[in-house]
Amino acid sequence: MNIVQGVQLGMDKQLVEQHLKLAKQHVAEGRRHITRQKQIIVKLTQGQDDTSQARRLLSTFEELKLMHIAERNRLQKELEAMRL
């Protein structure tokens, strides 16, 4: 590996690490959104209010969380491969 390739690899690694950090934050935020949305649904249910919109939003949050987890896992694997 020459110096230019080494510098490029270092920059790529740094970028992947930054994206991984963001992906981990997105997963954590998604979990908080899901927890909060479930609390909202409980309150709406207790008040015998319509929960259909709140449940659709919960479903969206859950789908997004799965996408963020998949991206986090992909980035972790990519970073591990760079270490080899």
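Is Arg 74 buried, partly exposed or exposed, and what is its relative accessible area? Arg 74 is partly exposed, at 42%; buried means under 20% relative accessible area, exposed over 50%, and partly exposed in between (1.4 Å probe, protein chains only). This is a predicted model, in which local features need pLDDT of at least 70, side-chain atom pairs count only at pLDDT 80 or more, and totals for chains, interfaces and linings use all residues. Residues are numbered from 1 along each chain as its sequence is written, and side-chain values use heavy atoms, with hydrogens and water left out.

**View 1. Salt bridges at Arg 74.** A salt bridge is a side-chain nitrogen of Lys or Arg within 4 Å of a carboxyl oxygen of Asp or Glu. Arg 74 pairs in this way with Glu 71, with 2.8 Å between the closest N and O atoms. Glu 78 also forms a salt bridge with Arg 74, at 2.9 Å from N to O. Shared partners join Glu 71, Arg 74 and Glu 78 into one network. Glu 71 is partly exposed at 31%, and Glu 78 is partly exposed at 30%.

**View 2. The loop at Thr 51.** Thr 51 lies between α1 (3-46) and α2 (52-83); helices are DSSP runs of H or I with at least four residues, and strands are runs of E with at least two, numbered from the N terminus. Thr 51 is buried, at 13% relative accessible area.

**View 3. Residues 1-7.** Here pLDDT, the predictor's confidence in each residue from 0 to 100, stays under 50. Where pLDDT is low, the predicted coordinates should not be read in detail.

Technical notes
Contact = heavy atoms within 4.5 Å.
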